[in-house]
Amino acid sequence: YWDHLRLLSRQFDRVVCANADLRGRLVAGGVLNTVTQPMGVETAVFTPARRDATLRARLLQHCQLPASAHLLIGVGRLSAEKRWPMVIDAVTAAAGTLPVGLILLGEGSQHARIIRQISGNPHIHLMEPVRDRAHFAAIMASADALVHGCEAETFCMAAAEARACGVPVIVPDSGGAADHARGGAGRTYRATSAAALAQAIR
């Protein structure tokens with residue numbers, strides 16, 4: 001596999017990666033001319049100007065919490081690699097010492113498992129994806145932080161859109177999501193660890 005990648009890389013002026021973690025692995029494997037080029041975000045859509053205190057309060061009401069609580073948002077497919085059960089466990093643990101709610105937007109094969117994982121926690125609310133981009137951006141901008149569980153992202157568009165909205169990110173310390181926490185834009189935690197994520201949320 002690596003022999004093939006090294007040979008293939010010699011045929012191109014550049015090998016373009018969407019994140020620094022992947023570039024590091026390719027460079028360590030001897031792949032030549034590797035550069036990082038992050039993907040872009042529609043900044044006319046995803047902007048801090050869409051933050052809406054009324055919408056934020058309504059989202060926290062879905063979590064049975066007052067407007068003074070902290071609002072986290074999670075966005076992505078309900079699939080195993082996204083590690084939503086770990087995120088739910090971490091938010092539940094953090095809520096022991098911090099008034100915090102989680103709005104999770106997604107659909108996918110693990111829907112039933114996620115519902116079971118949330119069961120009994122009124123402060124976590126699962127919603128279907130929001131297709132209207134402006135409304136989705138307003139939801140994103142109205143959160144206090146985006147929380148993410150997947151350490152295998154190529155880029156993590158949800159984290160990029162959160163940053164464009166001025167929302168800090170709480171992401172694993174490996175994979176493409178980690179790039180979005182650099183420069184004070186958020187926090188990283190030890191990947192795959194619910195305890196580390198709970199601490200980062202606090």
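Which residues of H4 are buried? Trp 84, Pro 85, Met 86, Val 87, Ile 88, Ala 90, Val 91 and Ala 94 are; buried means under 20% relative accessible area, for a 1.4 Å probe and protein chains only. This is a predicted model, in which local features need pLDDT of at least 70, side-chain atom pairs count only at pLDDT 80 or more, and totals for chains, interfaces and linings use all residues. Residues are numbered from 1 along each chain as its sequence is written, and side-chain values use heavy atoms, with hydrogens and water left out.

**Buried parts**

- Helix H4 spans residues 84–94 and has eight of its 11 residues buried, so the rest of the structure largely encloses it. Helices here are DSSP runs (H or I) of at least four residues, strands (E) of at least two, numbered from the N terminus.
- His 148 sits in the loop between strand E6 (145–147) and H7.
- His 148 is buried too, at 2% relative accessible area.
- Beyond its neighbours within four places in sequence, His 148 is in contact with residues including Trp 84, Val 87, Glu 153, Cys 156 and Tyr 189. Contact means heavy atoms within 4.5 Å.

**Largest pocket**

- The largest pocket holds about 400 Å³ of space. A pocket is an open set of points on a 1 Å grid over the protein atoms alone, where a 1.4 Å probe fits, with protein on both sides within 12 Å along at least five of seven lines; lining residues have an atom within 4 Å of a point. Volume is the space filled by probe spheres set on the points.
- Its lining has 18 residues, and Val 75, Gly 76, Arg 77, Leu 105 and Phe 136 are the closest to the centre.
- Helix H7 (157–164) and helix H6 (133–142) each supply at least two lining residues. H7 gives the most, with three.
- The lining has eight nonpolar, three polar and seven charged residues. Asp, Glu, Lys and Arg count as charged; Ala, Val, Leu, Ile, Met, Phe, Trp, Tyr, Cys and Pro as nonpolar; the others, Gly among them, as polar.

**Second largest pocket**

- This pocket holds about 190 Å³.
- Among its lining residues are His 70, Asp 144, Arg 187 and Arg 202.
- Strand E3 (70–75), strand E7 (169–172) and helix H8 (194–201) give two or more residues each to the lining.
- By class, the lining has eight nonpolar, one polar and three charged residues.

Notes
Buried < 20%, exposed > 50% of the residue type's maximum accessible area, 1.4 Å probe, protein only.
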